[in-house]
Each structure stands twice: as C-alpha cells, then as structure tokens.
Amino acid sequence: MSARAPPKCPPPGDHALLPRVKEALGPSLLSRGVTPEGHLCVVVPPDKIREVAQAVKNMGFDHVLSLSAVDYIAEKKFLLVYVFASYLSPELKNQLLHVRAEIPRDSPRIASIADIYPSADYEERECHEMFGIWFEGNPHMGKRFLLDPDCCIDEKTGKPLYPLRKDFKVPDWGLMG
C-alpha cells in the first residue's frame with residue numbers, strides 16, 4: 001500500500017493578496033490556490049525562482065519562514081515549497097505566501113535565493129542534506145550542516161544518501177538486536 005501524494009497546489013479560491021501577487025509575478029504565476037488555513041499558494045517555473053523571490057520581497061515579504069521539499073517519486077519530481085512572511089509590513093503581518101516550484105528528481109537543481117533572503121540559507125542547506133537538492137549560488141552547498149559527517153554515506157560508492165527521499169533505505173545499524 002502506498003500513501004497518496006499531497007496536491008501540489010490547493011484548490012483555487014479568492015484571496016485578498018491575489019491581485020497584487022498577479023501584478024508582481026506576471027507570467028511567472030502558473031497556477032494558484034488557497035490553503036485550508038487561508039494562505040495564498042502560487043506555483044511558478046523553477047527557472048524564475050530568483051525573479052519571483054525578488055518580486056515577493058518588493059511586495060514587503062521580508063523573510064523566508066520555511067523552505068522544504070516534497071518527493072513525488074512516482075512523477076520523478078521534487079516540489080519545493082517556500083513560505084514567505086513579513087515582520088515589518090503591517091499589511092502583510094498576518095499573511096503567509098506559499099510559492100512552489102517543481103524540479104526534476106534526476107537533476108535536482110534550482111537557483112539559490114539566499115542572497116535575496118539570508119533566512120533561506122539554512123533552509124537550502126537542510127534541503128540539500130535531506131533531499132540532495134542543489135541550490136546553485138549558495139556557497140555552503142556540499143558541506144555538512146545537520147547530519148554527522150559519517151552519516152548517510154553509501155558504503156559501496158562513498159556517495160551521500162538523502163534521508164528524506166522516499167527511496168531512502170534505513171541502514172541496519174544493529175540497534176534492533
């Protein structure tokens with residue numbers, strides 16, 4: 001039995017931020033929806049993530065609250081989920097903007113936004129260690145951040161393994177007796 005993959009974008013709906021986001025992102029906005037919590041979610045092309053991040057910053061979203069990935073192994077894709085928020089803009093104070101982009105699983109690369117949003121640096125590094133996604137332009141890619149240096153290395157090939165990929169096999173460390 002396999003778990004059903006979550007939707008890549010929630011169902012369409014009206015949202016107060018939508019006109020401003022449409023204007024800011026233009027043709028980079030591929031689809032949109034509203035999360036069950038009432039936050040606007042947009043899907044953008046992965047090659048436009050830097051332009052989108054800059055446009056979102058110009059709107060007043062001043063930090064990346066979170067960045068994660070969903071492994072759609074059957075589709076051979078990762079879905080990157082950026083959540084932008086604002087501490088400084090009273091208008092955006094209670095808003096979260098979800099920006100999502102799909103990348104191929106066999107070549108998981110996307111431009112870094114850490115120079116636009118320094119708060120994305122740790123999130124990108126964590127995504128790299130857990131999923132193997134390479135954030136081009138982030139100077140910390142390839143360095144261990146959260147995992148022990150000896151953890152999650154294939155003993156036969158010496159290549160890193162990524163523990164949050166759906167095809168990750170938990171090694172037998174002899175802990176279960």
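Visitor: Leaving aside its neighbours within four places in sequence, with which residues is Ile110 in contact?

Guide: Please bear in mind that this is a predicted model. Leaving out neighbours within four places in sequence, Ile110 is in contact with Pro46, Ile49, Leu80, Tyr82, Ala101, Ile103, Ile133, Trp134, Phe135 and Glu136. Ile110 itself belongs to strand β6. Its C-alpha atom is separated by 7.9 Å from that of Ile49, a residue 61 places away along the chain.

Visitor: Is Ile110 buried or exposed?

Guide: Ile110 counts as buried, because its relative accessibility is 3% and buried means under 20%.

Visitor: How should I read the sheet, and in what order do its strands stand?

Guide: In general, strands of a sheet pair through backbone hydrogen bonds, either parallel or antiparallel. Here five strands make up an open sheet with mixed pairing, in the order β1-β2-β5-β4-β3. The edges are held by β1 (31-34) and β3, each with a single partner strand, so one side of each has no neighbour in the sheet. On average, and with direction ignored, neighbouring strands of this sheet are turned by 20 degrees against each other.

Visitor: In which sense do β4 and β5 pair, and over how many bridges?

Guide: The pairing of β4 and β5 is antiparallel and extends over eight bridges. Within the sheet, Lys77 stands opposite Pro104 in β5.

Visitor: Across which strands does α3 lie?

Guide: Helix α3 lies across β3 and β4, and runs at about 15 degrees to β3.

Visitor: Let us turn to charged side chains. How many salt bridges does the structure hold?

Guide: The general idea is that side chains of opposite charge can pair when their charged atoms come close. This structure holds nine salt bridges. One of them joins the side chains of Glu75 and Lys8, at 2.2 Å from N to O. That pair links distant parts of the chain, 67 residues apart: Glu75 is in the loop between β3 (63-72) and β4 (77-85), and Lys8 is in the segment before α1 (18-25). Glu75 counts as partly exposed, at 40% relative accessibility.

Visitor: With which residue does Arg105 form a salt bridge?

Guide: Its partner is Asp167, and the closest N and O atoms are 3.0 Å apart. The pair again links distant parts of the chain, with Arg105 in the loop between β5 (97-104) and β6 (109-111) and Asp167 in the segment after β7 (134-136), 62 residues apart. Arg105 is buried, at a relative accessible area of 12%, whereas Asp167 counts as partly exposed at 38%.

Visitor: Where in the chain do Glu136 and Arg109 lie?

Guide: The side chains of Glu136 and Arg109 meet in a salt bridge of 3.3 Å, N to O. Glu136 is in strand β7 and Arg109 in strand β6, 27 residues apart. Both count as partly exposed: Glu136 at 40% relative accessibility, and Arg109 at 43%. Elsewhere, salt bridges with shared partners join Lys8, Glu75, Lys77 and Glu102 into one network.

Visitor: Over the ring of which residue does the charged end of Lys8 sit?

Guide: The charged end of Lys8 sits over the ring of Tyr72, 4.9 Å from the ring centre. Likewise, the charged end of Lys57 sits over the ring of Tyr117, 5.4 Å from its centre.

Visitor: How many aromatic pairs does a search of the whole structure find?

Guide: To read such a pair, one considers the distance between ring centres and the angle between ring planes. The search finds four aromatic pairs. Among them, Phe78 and Phe131 are edge-to-face, at 5.8 Å centre to centre with 75 degrees between the planes. Phe78 is in strand β4 and Phe131 in helix α3 (residues 120-131), 53 residues apart. Both count as buried, Phe78 at 0% relative accessibility and Phe131 at 6%.

Visitor: Why does the pair of Tyr122 and Phe145 tie together parts that are 23 residues apart in sequence?

Guide: Tyr122 and Phe145 form a tilted pair, 5.0 Å centre to centre, with 50 degrees between the planes. The pair ties those parts together because Tyr122 lies in helix α3 and Phe145 in the segment after β7. Tyr122 counts as exposed at 52% relative accessibility, and Phe145 as partly exposed at 25%.

How values were computed:
Residues are numbered from 1 along each chain as its sequence is written. This is a predicted model: local features need pLDDT of at least 70, side-chain atom pairs count only at pLDDT 80 or more; totals for chains, interfaces and linings use all residues. Side-chain values use heavy atoms; hydrogens and water are left out. A salt bridge is a side-chain nitrogen of Lys or Arg within 4 Å of a carboxyl oxygen of Asp or Glu. Helices (H or I, at least four residues) and strands (E, at least two) are DSSP runs, numbered from the N terminus. Buried means under 20% relative accessible area, exposed over 50%, partly exposed in between (1.4 Å probe, protein chains only). Rings of Phe, Tyr and Trp (its six-membered ring) pair if their centres lie within 6.5 Å; planes under 30 degrees apart count as stacked, over 60 as edge-to-face and the rest as tilted. A charge sits over a ring if NZ of Lys or CZ of Arg is within 6 Å of the ring centre and within 35 degrees of the ring normal. Contact means heavy atoms within 4.5 Å. Two strands pair if DSSP finds at least two bridges between them. Axes are lines fitted to C-alpha atoms, for helices over the stretch in contact, and angles run from 0 to 180 degrees between N-to-C directions.
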